[in-house]
Amino acid sequence: MGLRVLTIQCALCFALIAFIASLGPTTGPASGSTAAATFEPPMADMTAGAGSDPAPSSTATFSSTLWVSDVIPLVLAATPAPAPSVVPLALPATPIAPVPTDPCAPTRPLTAPAFIKSGPKDRARVAVTIDDTFGASGAKNVASVLDIAKAKGAKLTFFPTGGAFDDHEKAGLSSVWKRVIADGHEIGNHTYSHWNLLKLADKDIQDELDSTQGRLDQILGFHYEMHLMRPPGGNGGYPDSRSDTNGTRVRCTVQRLGYSMAMWSIDSNGTSGFNDYLYRLQTGVVTNGSIILLHFTTFSVANVSSLIDTLTKRGFELVTVSQLFA
Ligand SMILES: [Zn+2]
């Protein structure tokens, strides 16, 4: 009767008693008693005994039965003490600040200030720059200017487009750019198509610069890494005085690509022709660190020669844009 009550009383007892059995003999009756309580053998076996154990009486059988109240202390005694709970480490009082990421951070070292309008004022040095050099005439004018600059000891900076390289190659004149490098002048990137960068997506700006670098390397036959760029029409480089929609984005993109944006401090805007411009340049607007912008469309090779003479007489050393910052 007691066994049936035990069986119905709590299904958990089976699991608990099996657990006790797995621990081996206990302080209670022989394992046969445990088996009786667990598997409920026939009463005859219980009364007749089994094996070499003394034949227990029915009273002994009843008393050898494990009740839940008997088992629980045994289980508790056999159950390992719970591990001490883990106390989480205290967090630092001061949270770690996230590392800021600059979307304009250059992906290669800049060799000059990120944005250039003029050079340092502490030395009598100026930079004469010549843009575009479109067409076969552009290559011929560059060649003539190289002869003059070599004779007068001047260093110049050229900003040709990738399209101009195509023109010069078609005309069989692209070797002039090898002379530019050999004579110690500088070449900056003026994009391939001469489009308004304010109207181009970042990826298109990069394509314009990359393709121009690629074309220059092709016509040179070696890699000459350009570190300066000049935006066509200056678009993207007027943060102070002109309408500059998207200019911040353009300057950020250019800087991220590892270029210094090289603008100028003296240009031909506001003059009626190259003679007026030459007059201005020769009569005082040039100061230490000036960067002078020229185009062959409005400034002849003869004008370049005259300008070099005038600046040299005034005590200026003509250096490249990058040399202004060296
Ligand atoms: Zn241009």
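**Figure 1. Burial and secondary structure across the protein.** Of the 326 residues of the protein, 32% count as buried. The model shown is predicted. Its secondary structure comprises 14 helices and 8 strands. Among contacts in the protein with a separation of 6 or more, 80% are between residues 24 or more positions apart.

**Figure 2. Close-up of the crossing of helices H7 and H8.** Helix H7 spans residues 135-152, and helix H8 covers residues 162-170. The axes of H7 and H8 come within 8 Å and cross at roughly 85°. Because angles of 65 to 115 degrees count as roughly perpendicular, H7 is described as roughly perpendicular to H8. On the H7 side, the contact is made by Gly135, Ala136, Gly138 and Ala139. On the H8 side, Ala164, Asp167 and His168 take part. Sorted by class, the contact of H7 with H8 has 3 nonpolar, 3 polar and 1 charged residues.

Figure 3. Thr133 sits in the loop between strand E2, residues 125-132, and helix H7, residues 135-152. The phi angle of Thr133 is near 50°, a positive value in a residue other than glycine. Around Thr133, 25 other C-beta atoms lie within 10 Å, so Thr133 is buried. The cut-off behind this assignment is 20 or more such atoms.

Figure 4. His194 is placed in the loop between strand E4, residues 186-187, and H10. Although His194 is not a glycine, its phi is positive, at about 65°. His194 has 18 C-beta neighbours inside 10 Å and therefore counts as partly exposed. Burial would require 20 or more other C-beta atoms within 10 Å, and a residue with 12 or fewer would count as exposed.

Figure 5. Asp207 belongs to helix H10, which runs over residues 202-220. Asp207 is partly exposed because 15 other C-beta atoms lie within 10 Å. In sequence, Asp207 and Thr191 are 16 residues apart. In space, the C-alpha to C-alpha distance between Asp207 and Thr191 is 8.6 Å.

Conventions. Residues numbered from 1 in each chain as written. Predicted model: local features only at pLDDT ≥ 70, side-chain atom pairs only at ≥ 80, totals over all residues. Helix = DSSP H or I, 4+ residues; strand = E, 2+ residues; numbered from the N terminus. Contact = placed C-beta atoms within 7 Å. Axes fitted to C-alpha atoms, helices over the stretch in contact; angles between N-to-C directions. Parallel < 35°, antiparallel > 145°, perpendicular 65-115°, else oblique. Nonpolar A, V, L, I, M, F, W, Y, C, P; charged D, E, K, R; others polar.
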